[in-house]
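Hello,

Here is the structure you were waiting for. My notes follow below it.

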Amino acid sequence: MKAPANAIKRRSGSINGHTLLMLITIVLFILLYAGGCIAYADKNFTRVQTFLNILRSSAGLICVTCGMTCVMLTGGIDISVGSLIALDCMILAMGMGDWGFSAVVSMVLVLVLGIAFGLFQGFCVGYLQIQPFIVTMAGMFFARGMTAVISTDQLSITAESSQWFYDLANYRIYLPFGGYLNKAGKMVMPYIGWGVVVSFAVLIVIFLVLRYTRFGRSLYAVGGNEQSAAMMGLNVKKTKMLAYVLASFLCSIGGICYAMNTMSANVNQATGLEMDAISSCVIGGTLLTGGVGNVLGSLFGVLINGTISSIVQTNGKLASSWPNILTAILLCFFIVLQSVFAILKDRKK
Amino acid sequence: MNTLRKATRQQLFLPIVCVILVLAVNMVYDAARGAGIFNFFHIYIQNDLLQGRLINILNRGSEVAILAIGMTLVVSASSGTDISVGSVMSLCASFCCMLIAGFGVSSVESADQFAMPIVVGLIGALVMGVFCGTFNGSLVAYLGIQPMVATLILWSAARAIGLLLCNNLIVYIRVPEFGIYGGYIGCVPTPIIIAAACVLVVSLVLKKTAMGLYIQSVGINKKASRIAGLNSRKIIFICYLLCGLCAGIAGIVASSRITSADSNNIGLNMELDAILAVALGGNSLGGGKFNLAGSIIGAYTIQAITTTMYNLGVSTEVTPVFKAVIVILIVAIQAPPVKAWFKKHSAAKAAKKEVARV
């Protein structure tokens, strides 16, 4: 009887613990960004383009985080995403370069690889009941190792390898507002790339899927309580597997966005990206135990991450390890907050 | 048939089979190259130092063996893994070298340039290890956060903090007094002695006190142990603390071995090795009963696999592929559905036999 009671409460508009977590995140983001604007107003932080640049550089991360949210809703975790992105970028660079494929074939190859990777991981987690962490950790080392097998060089995607992909990556979609006058007195309009468009499309689709489809609701049900989900007649194993397939597939889409942004590939690319994705989800209010979460919150998590690294970059004097440490502190704060909420909820009963 | 079945049920069956496999690969490789078949076991003294491939494996595998001790306890008590050990190792090494060399100093060539005596650095590293263990332990034991998620924080932060402590430099301490912990005492490599001492102390404590029993019972059923009068939380906390301490010791050995603190590379991917060692040792990653000897054998087996791969000419970046495959295979064998399938299969076979006899 617990779940319907909760739903009624949410509809009537009262704030429960989880919406509170998301509210904290949104307020934190606004505070951070406002702080950045005040501190670095002289370094162009207030321009619309700065915000769009955060979106452009984290387009890949947004896709990955959407997938990660789906996996975390089932109570699992996927730490193979960073390595998978490195592998994706490597395949794109090699495919369009040495292997001589066209851009479309390389991209299809990457997407198929993502689905296959997810199928294997999902099978291990869903049907073999191995701990998700162990499976995806092995997946993480496997993908990173396979990247090294393909090539250990620093590759770059150039206009010669695929003119179409190069143009696609550098295409600028100008926004009709938010411009500023440059020194020559010309109006410069802010712009975004295709990566941002793709990532927002993914975000909206996943948001709708989680909210209105059978699959989306069963993700919540499995994460909330596996046993009762099974008793309701849901196929728990299949749902779990599909969550991992979806995560790896979205990660591959993210990999293409990431490659569009960096236009390069090497073995050590995107190390620690899994950490960014997980912390974005947690900061956005997705419970690590599963069953509660929302991609919108995750989006704000990504934005907070992006703002932190943008501030550190703008400052210029801070060491490069600061974003990492700050994200970890935030992650710690939100994890502790979550568990405190959980303990309080237990007490109420 | 019966003896075979009995043998496969032994906990040490898996690690020993792996050791034999690795040895066989080595022997075949040696024979194919024209060297003696028993080249692998050849131990000799060169320049007053013990040499040989076996010694090399024992020496290089020390860090993983030390980490495996802590990891075994953590896995057993909390049925989760501490994935921060590699990063904590790096942090401890950086902290140790930072204390000895002074902040922002990148290279120390002689003992009189020390900012602080070596002992302070070593104790500092151990304290830092214990501190990290305390952090992980309090999150897991007292706040009830899943172990892997709680240790995720330090997994990402510890290495970054280490870099910060070293001012983004690689701190070199090229002094023999510091290098001894990763070098030689007499003719024996010191890491082997340190690892042996750690194993001895921990196994004595586990055997002579009821601690080992407590850890297992908490791992098997946390609630039942609490009702039986054990302080479950405290026991889990102590396990994490010990794991942090082990990471500190491993960090000292690792940084002393290269007489420097390289925050980006010390302990890299070491958490996978430690978890793999525990799994290889026949311990269930679901917690409960554990076998320390198995984990130690597992740790050295992993080092033997790594060394063998280097001998076969596989590059450092590619080795994780093989390790990942091995991890998945081992864990898949232990997975409940697979076990159930085997049981059903063998039961069906036995039933058929019974029918045939009747």
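Start at Val108(B), which stands opposite Ile173(B) in strand 4 of chain B. This is a predicted model: local features need pLDDT of at least 70, side-chain atom pairs count only at pLDDT 80 or more, and totals for chains, interfaces and linings use all residues. Residues are numbered from 1 along each chain as its sequence is written, and chains are lettered from A and ligands numbered from 1 in the order in which they are written.

**The sheet in chain B**
Two bridges join strand 3 to strand 4 (171-173) of chain B, and these run parallel. Three strands make up an open, mixed sheet in chain B, ordered 3-4-7. (Strands are DSSP E runs of at least two residues, helices H or I runs of at least four, numbered from the N terminus; strands pair if DSSP finds at least two bridges between them.) Strand 3 (107-108) and strand 7 (260-261) of chain B are the edges, each pairing on one side only.

**Where the chains meet**
33 residues of chain A contact 33 of chain B. (Contact means C-beta atoms, placed from the backbone, within 7 Å.) On the chain A side, helix 7 (132-150), helix 13 (273-283) and helix 15 (322-348) each give two or more residues. Helix 7 of chain A gives the most, with eleven.

**A helix pair in chain A**
Helix 9 (194-212) and helix 14 (295-315) of chain A pack at about 145 degrees, axes 9 Å apart. (Axes are lines fitted to C-alpha atoms over the stretch in contact; angles run from 0 to 180 degrees between N-to-C directions.) Helix 9 of chain A contributes Leu203(A), Ile206(A), Phe207(A) and Leu210(A). Helix 14 of chain A brings Val295(A), Leu296(A) and Leu299(A).

Best wishes

Methods
Two residues are in contact if their C-beta atoms, placed from the backbone, lie within 7 Å.
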